[in-house]
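Here's a quick briefing to read alongside the model.

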Amino acid sequence: MKNKVKLLDVVALTEDLPERKLERGQVGTVVEILAPDVYEVEFADNDGRTYAELAVKEEKLLVLHYEPTVA
């Protein structure tokens with residue numbers, strides 16, 4: 001079963017977005033839920049400076065987990 005994306009989830013892109021100069025695997029944070037399957041994702045560097053913020057469809061996102069998840 002696919003995990004639903006939630007506000008403040010850390011996510012990675014599952015495909016390149018060359019028009020936005022973003023590559024598959026880049027990590028961002030969900031900062032807004034725009035529609036049932038569309039999320040505003042902020043991408044920031046190691047110093048916390050935002051370098052991209054855009055709407056991304058859920059199908060292009062992978063939720064990252066830092067701890068074991070309960071089945």
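Predicted model: local features only at pLDDT ≥ 70, side-chain atom pairs only at ≥ 80, totals over all residues.

Residues are numbered from 1 along each chain as its sequence is written, and side-chain values use heavy atoms, with hydrogens and water left out.

**Strands and pairing**

- Strands here are DSSP runs (E, at least two residues), numbered from the N terminus, and two of them pair if DSSP finds at least two bridges between them.
- β1 (10–13) runs antiparallel to β2, with 3 bridges joining them.
- β2 and β3 make a hairpin with 2 residues between them, and Ala-35 sits opposite Val-38 in β3.

**The core**

- A nonpolar core is a set of buried Ala, Val, Leu, Ile, Met, Phe, Trp, Tyr and Cys residues joined through side-chain atoms within 4.5 Å, and buried means under 20% relative accessible area (1.4 Å probe, protein chains only).
- The largest one has 14 residues, and those touching the most other members are Val-11, Leu-13, Leu-22, Val-41, Phe-43, Leu-54 and Leu-61.
- At least two residues of this core come from each of β1, β3, β4 (50–57) and β5 (61–63).
- Leaving aside residues up to four places away in sequence, Leu-22 touches Leu-13, Asp-16, Leu-17, Phe-43, Tyr-51, Ala-52 and Leu-54; contact means heavy atoms within 4.5 Å.

**A greasy spot outside**

- Leu-7, Leu-8 and Ile-33 form a nonpolar surface patch, with about 310 Å² of accessible area together.
- Patch members have over 30% relative accessible area and no salt bridge, and nonpolar side chains (Val, Leu, Ile, Met, Phe, Trp, Tyr) are joined within 5 Å; a salt bridge would be a side-chain nitrogen of Lys or Arg within 4 Å of a carboxyl oxygen of Asp or Glu.
- Areas come from the Shrake-Rupley method with a 1.4 Å probe.

**Positive phi values**

- Most residues other than glycine have a negative phi.
- Leu-8, in the segment before β1, has a positive phi near 75°.
- Lys-21, in the loop between β1 and β2, has a positive phi near 60° and is exposed at 74% relative accessibility.

Notes:
Patch = residues over 30% accessible without salt bridge, like charges linked within 9 Å, V, L, I, M, F, W, Y side chains within 5 Å. Helix = DSSP H or I, 4+ residues; strand = E, 2+ residues; numbered from the N terminus. Buried < 20%, exposed > 50% of the residue type's maximum accessible area, 1.4 Å probe, protein only.
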